[in-house]
Structures are given as structure tokens and as C-alpha cells.
Amino acid sequence: MVLLSGIEGKAITLVVQRPNEEEVYYRMGMNMSFKFLMNDYCQRKGLGLGTIQFMGPEGDRLKEEHTPLELGMEDGDVVDAFSHQLGG
């Protein structure tokens, strides 16, 4: 077992919110990729992964390989989940 010091080993809670739906809370490590969060959220909501876009607190589109540490996220930050829209 390897213990990480400092912020890298810290776990934070993120809130995923989608318009007109209940918030979902995720506890994850700072070096954990968003792949888990994205897959789990879509599975819970019965949505296809390709149908939802996740945006970080700074308005950046999240990718599966991103981590909270890379994006400078903090405990309690909100991730917005939006359905992809076609057309204009």
C-alpha cells in the first residue's frame, strides 16, 4: 500500500447536477480519472455515455482521462451534466 502525501492523496466530494434532476454526489481521489464518475452517472440515469456532456466548475468540458487534480478542483465543486443537442 502506497500512501500519497499532500493534495494528491486527498479525496474530495463532487456534485453532479443536471437541469431539473436531483444532484448526485461522488467521493473520489484527486488522481482518479473522471471515467468512473461519467460511466456511473450515465448508468444510474439510464443514459448513454455519448449522450451527456460533463462540464467542470470553470466551464471546461471534462474528458474521461482528466482528474480533479489536473483541473484544480476542490471539495464541493459542481460538475454540470448536459444532454447533447443536435441542430440549432
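Contact here means heavy atoms within 4.5 Å. The views below show a predicted model.

**View 1. Surroundings of Tyr41.** Tyr41 touches Val16, Arg18, Glu21, Val24, Tyr26, Phe54 and Ala81, leaving aside residues up to four places away in sequence. With a relative accessibility of 0%, Tyr41 counts as buried, because the cut-off for buried is under 20%.

**View 2. The largest nonpolar core.** This core has 18 residues, and those touching the most other members are Leu14, Val16, Phe34, Leu37, Tyr41 and Phe54. Two or more residues each come from β1 (11–17), β2 (24–29), α1 (35–45), β3 (52–55) and β4 (78–83). The largest contribution, four residues, is that of α1.

**View 3. The aromatic pairs.** Two such pairs are present in the structure. Tyr26 and Phe36 pair edge-to-face, at 6.4 Å centre to centre and with 85 degrees between the planes. This pair links distant parts of the chain, with Tyr26 in strand β2 and Phe36 in helix α1, ten residues apart. Tyr26 is buried at 4% relative accessible area, whereas Phe36 is partly exposed at 44%. Tyr41 and Phe54 also form an edge-to-face pair, with 5.9 Å centre to centre and 85 degrees between the planes. Here helix α1 supplies Tyr41 and strand β3 supplies Phe54, 13 residues apart. Phe54 is buried, with a relative accessible area of 2%.

**View 4. The largest cavity.** The structure holds one cavity of 30 Å³ or more. The volume of the largest cavity is about 40 Å³. Its lining consists of Gly56, Pro57, Glu58, Asp60, Leu62, Leu71 and Met73. By class, four lining residues are nonpolar, one is polar and two are charged.

Terms used. Residues numbered from 1 in each chain as written. Predicted model: local features only at pLDDT ≥ 70, side-chain atom pairs only at ≥ 80, totals over all residues. Heavy atoms only, no water. Core = buried A, V, L, I, M, F, W, Y, C linked by side-chain atoms within 4.5 Å. Buried < 20%, exposed > 50% of the residue type's maximum accessible area, 1.4 Å probe, protein only. 1 Å grid on protein atoms, 1.4 Å probe; cavity = no way out; pocket = protein on both sides within 12 Å on 5 of 7 lines; lining within 4 Å. Points joined across faces, edges and corners; volume = space filled by probe spheres on them. Nonpolar A, V, L, I, M, F, W, Y, C, P; charged D, E, K, R; others polar. Phe/Tyr/Trp six-rings, centres within 6.5 Å; stacked < 30°, edge-to-face > 60°.
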